[in-house]
Amino acid sequence: MDKRREILLIYKGSTGVVAVPKQKPMNVVHMASSNVDNTDDRISRISSSIQAFKDTIYLFVERYKDKNINIVAGVEARGFILGPPIALAIGAKFAPMRKPKKLPGEVISEEYSLEYGTDKIEMHVEYAAGERLCCSR
């Protein structure tokens, strides 16, 4: 007999927080970490890396939380990892910044100097008008 248990999936949709019942089988595979020996030094290295990530985010949040930042612009690719949690913590939007022709829709671009030439970076135009930006890269 196929026994199933109902779980609740919660996510933030465009109309607010939504709770959706979803069926999931009772036979759930145990997490990979449950089979790892607790004396494995990789566990402590992973924990230390996670703590370093948290500390990095908190450092940015402390620096920018009272600066009235509306948008955190994250330059690919590291900015895509650091930018969203910083934006979330300070109550700002997140705007990805990419190399030319990588973003869909209307964009604005900024040219910058390199050691041997120039390059451009682009972001969606809707983030640019009258906003106070903070960049992460």
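Is Phe94 buried, partly exposed or exposed at 23% relative accessibility? Phe94 counts as partly exposed, a class lying between buried (under 20% relative accessible area) and exposed (over 50%), computed with a 1.4 Å probe on protein chains only. The structure is a predicted model, in which local features need pLDDT of at least 70 and side-chain atom pairs count only at pLDDT 80 or more, whereas totals for chains, interfaces and linings use all residues. Residues are numbered from 1 along each chain as its sequence is written, and side-chain values use heavy atoms, with hydrogens and water left out.

**View A. The aromatic pairs.** The structure holds 2 aromatic pairs. Rings of Phe, Tyr and Trp (its six-membered ring) pair if their centres lie within 6.5 Å; planes under 30 degrees apart count as stacked, over 60 as edge-to-face and the rest as tilted. The pair of Phe60 and Tyr64 is stacked, because the ring centres are 6.4 Å apart and the planes lie at 20 degrees. These residues are 4 apart in helix H1 (residues 41-64), and therefore about one helical turn separates them. Helices (H or I, at least four residues) and strands (E, at least two) are DSSP runs, numbered from the N terminus. Tyr64 is partly exposed, with a relative accessible area of 23%. The rings of Phe80 and Phe94, with centres 6.4 Å apart and planes at 90 degrees, form an edge-to-face pair. This pair links distant parts of the chain, 14 residues apart: Phe80 belongs to helix H2 (residues 78-90) and Phe94 to strand E4 (residues 93-97). Phe80 is partly exposed at 29% relative accessibility.

**View B. The E5 and E6 hairpin.** Strands E5 (residues 107-114) and E6 (residues 117-124) pair in the antiparallel sense over 8 bridges; pairing requires that DSSP find at least two bridges between two strands. A hairpin of 2 residues joins E5 to E6, and Ser113 stands opposite Thr118 in E6.

**View C. The surroundings of His124.** His124 lies in strand E6 and is buried, at 14% relative accessible area. Its side chain reaches the backbone oxygen of Pro104 at 2.8 Å. Leaving aside residues up to four places away in sequence, His124 touches Leu103, Pro104, Glu106 and Val107, where contact means heavy atoms within 4.5 Å.

**View D. Backbone geometry in the loops.** The peptide bond from Glu76 to Ala77 is cis, with omega near -5 degrees, and Ala77 is found in the loop between strand E3 (71-75) and H2. Asn68, a residue other than glycine, has a positive phi near 55 degrees. Asn68 lies in the loop between H1 and E3 and is exposed, with a relative accessible area of 62%.

Note on methods. A polar contact is a pair of N or O atoms within 3.5 Å; within protein, one must be able to donate a hydrogen and the other to accept it, and residues adjacent in sequence count only if both atoms are side-chain atoms.
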